[in-house]
Amino acid sequence: MRDFLQPTRLRESLPVLLAALAFLCLAGGGVLSLAARPEQAALIWLVGASSVFVVLVADILRALLNGRMGIDAIAALSIGVGLALGENLAAAIVAVMYAGGQLLESFAEGRARRDMTALLGRVSRTAMRYQGETLESVPIEALHPQDRILVRKGEVVPVDGRLLAATAVLDLSALTGESLPVPIQMGHEVPSGCTVLGDAFDLLVLRESKESTYAGIVRLVEQAQASRAPMARLADRYALYFLGITLLLAGSAWWWSGEATRALAVLVVATPCPLILAVPVAVIAGMSRAASHGVLVKTAGALEALAAVTTVVVDKTGTVTSARPEVADVRAEESFTANEVLRLAASLDQASGHVAAEALVRAAASRGLVLTLPVDVVEDAGRGLAGRVEGRRVVLGGSGYVLSQLIPGTGFSRAGVASGTAVVAVGVDGRAAGLILLSDPLRPDAQTTIQAFRERGVRRIVMASGDRTDVAEQASATLALDAVAGDLTPEGKVELIRREADRGVVMMVGDGVNDAPALALADVGVAIGARGSAASSEAADVVLLADDLARLPLACRIARRSRNIARQSAVAGLVLSGGAMVMAAFGYLTPVQGALLQEVIDVAVILNALRALRG
């Protein structure tokens, strides 16, 4: 009972209680009326209508204080005028219809939000951390990078980490929409929020809980649920016009006929307006549908912009290419072997979340090399990593960074290394140990994704890259792109977005920190959150939770369908309501008949709006 009386619980239960009270009063009054007790029946109807009227007026005042004025004012007028004219039955029916409509809308929105809300219920609270040779249960807020934790079968992974076991079987459906179990190999990154389906495994913590993948998703979902679409805000403005038209028509009917009940009938049949019922339900349904496919649309406004995209700008690395580098070769210096260089570098890279680190760990595992945990690790973001492995000081990263950490005069042999090849330099105990050559192949789904964009109405597709123009053109040679822009700084990408915005609505797709400014400027910024930077996810309007670009054209299709359904529902509801209001004004509908007809219209438009949940 105490939990029920909490403000949040009471607020959530109010639509149910109000609808139940209004219905019981209407039914009870009906029974008394049939029993030839009209005075008692009128009193019971008065109680039901007055209860809804008080709550309704309080809601209207609260909205006015927040600078909003909606169509609910018509419902309040209908009930108030009905009671003033002694039409208690009509007022009670309007009260039931209004309370029932609110309950139906609440149910519809809850159904529409289901896939987004499901994401919020999977946050872990504790984790089993190794303390020496023992395990202790600690809050996830106490976990720090390089801690080692045990994740057991059936548990939700609490923080992002690197897999230390040979393999793990995970359920990623809550994050990506992928319904089948996904096997993960040693050295790969495991995102927080997924569920362990196979055996327990050890995990090396890469990020604190507040910086982990799932924490970011939760923040984005909360932001999405709190947002209102431009179409919904436009609906509020239309609602004010509709309110004015309703009052004018009701007043004219009263003046022309001399019958106050005609004015009441007009007010009743306009309660509530389908415009503000259908639009939010359809938009939220579309956002939920997109989330079920691994595409998290952060705001309702972004969903509308997604529906109108005509130009797509894609970053090269991670969008056109896989952003899953592969070790192509290991060039060891004198006194070092290739396997030794790779084993030491991969051991140190276990503490890094960089995509190149995963490639090294994966390559070492494929060669059967035994890795050890590093200590005293220090990472210079974007440049390199240093630490101790088996008592030896290891440094890796870009050539310039590594050389700055080595004994003066020491260098790397770059004979046979083609210009433009991605290289990880490795130094051990102050000496140059070797170079690890990486390759970044074209994504297998790049061509099909571009074709799908074309089929969804995208007229122009441009690739943007920080690499040299010739390298970018070579990477995209087999793709049907409209333009390729290379040698771009973050400022250059921003300028490219500005130019393309003159052609139409622009979507920018990227995954790096350097993409964040362009993502923020584009009409729709899409971050590949499955492995992208936190900065890009924060700046973007849409986050792709699954590493599957084919879901973006699908999201565009979902957005367009949701927008069309919202418009259809709103227009159809307004036309039907307008026709019913004219009939009521000419005396063809009584207040009771008008209330029943309006409820049928409301139910119809809400059910139509829920079609956005289906594909």
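User: Which residue is the bridge partner of Val 151 in S9?

Analyst: The partner of Val 151 is Phe 201, in a predicted model where local features need pLDDT of at least 70, side-chain atom pairs count only at pLDDT 80 or more, and totals for chains, interfaces and linings use all residues. Residues are numbered from 1 along each chain as its sequence is written, and side-chain values use heavy atoms, with hydrogens and water left out. Strands (E, at least two residues) and helices (H or I, at least four) are DSSP runs numbered from the N terminus, and two strands pair if DSSP finds at least two bridges between them. Here S3 (residues 148–151) is joined to S9 by four antiparallel bridges, while S4 (residues 161–163) is joined to S9 by three bridges, also antiparallel, with Gly 161 opposite Val 205.

User: Is S9 buried or exposed, and how do its two faces compare?

Analyst: In a regular strand the side chains alternate between the two faces of the sheet. Buried means under 20% relative accessible area, exposed over 50%, and partly exposed in between, with a 1.4 Å probe and protein chains only. On one side of S9, Phe 201, Leu 203 and Val 205 are buried, and on the other so are Asp 202 and Leu 204; because five of the five residues in S9 (residues 201–205) are buried, the strand is largely enclosed by the rest of the structure.

User: What is the strand order of the open sheet of three strands?

Analyst: The order is S6-S5-S8, with antiparallel pairing. S6 (182–185) and S8 (195–196) stand at the edges with a single partner strand each, so one side of each is left without a neighbour in the sheet. Two bridges join S5 (residues 167–171) to S8, and Asp 171 has Thr 195 as its bridge partner.

User: At what angle do H9 and H22 pack?

Analyst: Axes are lines fitted to C-alpha atoms, for helices over the stretch in contact, and angles run from 0 to 180 degrees between N-to-C directions. H9 (residues 260–269) and H22 (residues 591–609) pack at about 10°, with axes 8 Å apart, which makes H9 roughly parallel to H22; angles under 35 degrees count as roughly parallel, over 145 as roughly antiparallel, 65 to 115 as roughly perpendicular and the rest as oblique.
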